[in-house]
Amino acid sequence: MILKKIFKFLLIITVTVSYANALKQDEIKEQMTKKIDTVLLILEKKDLSISQKGDEIIKVIDEVFDYELMARISLGKETWNSLSDEKQKEFVKIFENKLKKSYIEKLEFYNDQKVKILSLKPHNNSRLQLETELVGKEENYKINYNFYNKAKDSEQWLIYDVELLGASIIQTYRQQFAGLLKEKTFDEMLVLLDSSNKKQ
């Protein structure tokens, strides 16, 4: 139950990606602090609808999440490599839309929580982890953002996963997709996910 509640809040601050403004290592802590603080201020606005808040938050966070890599990991290497370029692009778009829809739907669960940035540390060899803490009225919960450097010859740090109480959001989706693919073809799963995205 606790994990489910935090996952809902996590989706509030997880949106889309643009490589043009990827972060440098020494910018991660400061810029993520600013972005999260801005998101929380938007959530507190009483004069905006849920969808209006969603639109504003997307503009704030759309520079730091690598949706393509997140989609690829969540699908699994074997399945991903079996797809044509066209199918890969189609899945990435549907996956991105799935996260956006989930995030917008979960905005209503926001209840004046605060997020504290704790530290930035090495993670899995060449990667980094930004440790944060969700400060609630009754308990605090760890939310860690995992970054990788997309560029080999320069710094382009992007988020590829988020850990919630030690549970990976991408691994959660990977289990979901693996379960679906045991019962359906890839194309059938795409239709199901796309249909779910379009439901009001």
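Visitor: Let's start with histidine 123: what does it touch, not counting residues up to four places away in sequence?
Guide: Histidine 123 touches Leu128, Gln129, Asn146, Tyr160 and Glu163, leaving out residues up to four places away in sequence. Contact here means heavy atoms within 4.5 Å. Before we go on: this is a predicted model, in which local features need pLDDT of at least 70, side-chain atom pairs count only at pLDDT 80 or more, and totals for chains, interfaces and linings use all residues. Residues are numbered from 1 along each chain as its sequence is written, and side-chain values use heavy atoms, with hydrogens and water left out.

Visitor: Where is histidine 123 found?
Guide: Histidine 123 is found in strand β1, residues 114–123. Helices (H or I, at least four residues) and strands (E, at least two) are DSSP runs, numbered from the N terminus.

Visitor: Is histidine 123 buried or exposed?
Guide: Histidine 123 is buried, because its relative accessible area is 16%. Buried means under 20% relative accessible area, exposed over 50%, and partly exposed in between (1.4 Å probe, protein chains only).

Visitor: Okay, zooming out. How many helices and strands does the chain have?
Guide: The chain has eight helices and five strands. From the N terminus on, the elements run α-α-α-α-α-α-β-β-β-β-β-α-α. Of the 200 residues, 46% count as buried. Among contacts with a separation of 6 or more, 62% are between residues 24 or more positions apart.

Visitor: Now the helices. What describes two packed helices?
Guide: The angle between their axes and the distance between the axes. Axes are lines fitted to C-alpha atoms, for helices over the stretch in contact, and angles run from 0 to 180 degrees between N-to-C directions.

Visitor: So at what angle do the axes of α4 and α6 cross?
Guide: Helix α4 (residues 67–75) and helix α6 (residues 85–106) cross at roughly 100 degrees, and their axes come within 9 Å. That makes α4 roughly perpendicular to α6. As for the cut-offs, angles under 35 degrees count as roughly parallel, over 145 as roughly antiparallel, 65 to 115 as roughly perpendicular and the rest as oblique.

Visitor: Which residues meet there?
Guide: From α4, Tyr67, Glu68, Met70, Ala71, Ser74 and Leu75 meet Phe91, Val92, Phe95, Glu96 and Leu99 in α6. By class, that contact has eight nonpolar, one polar and two charged residues. Ala, Val, Leu, Ile, Met, Phe, Trp, Tyr, Cys and Pro count as nonpolar, Asp, Glu, Lys and Arg as charged, and the others, Gly among them, as polar.

Visitor: What's at the ends of α4?
Guide: Aspartate 66 caps the N-terminal end of α4, with a side-chain oxygen 3.2 Å from the backbone nitrogen of glutamate 68. Just after α4, glycine 76 takes a positive phi of about 100 degrees.

Visitor: And at what angle do α7 and α8 pack?
Guide: About 125 degrees, with the axes of α7 and α8 8 Å apart. That makes α7 oblique to α8. Phe177, Leu180 and Leu181 of α7 make the contact with Phe186, Met189, Leu192 and Leu193 of α8. That contact of α7 with α8 has seven nonpolar, no polar and no charged residues.

Visitor: Last one: what does glutamine 88 touch, not counting residues up to four places away in sequence?
Guide: Glutamine 88 touches Trp80 and Leu83, with residues up to four places away in sequence not counted. The place of glutamine 88 is in helix α6, and at 15% relative accessibility it counts as buried.

How values were computed:
Polar contact = N/O pair within 3.5 Å; in protein donor to acceptor, adjacent residues only side chain to side chain.
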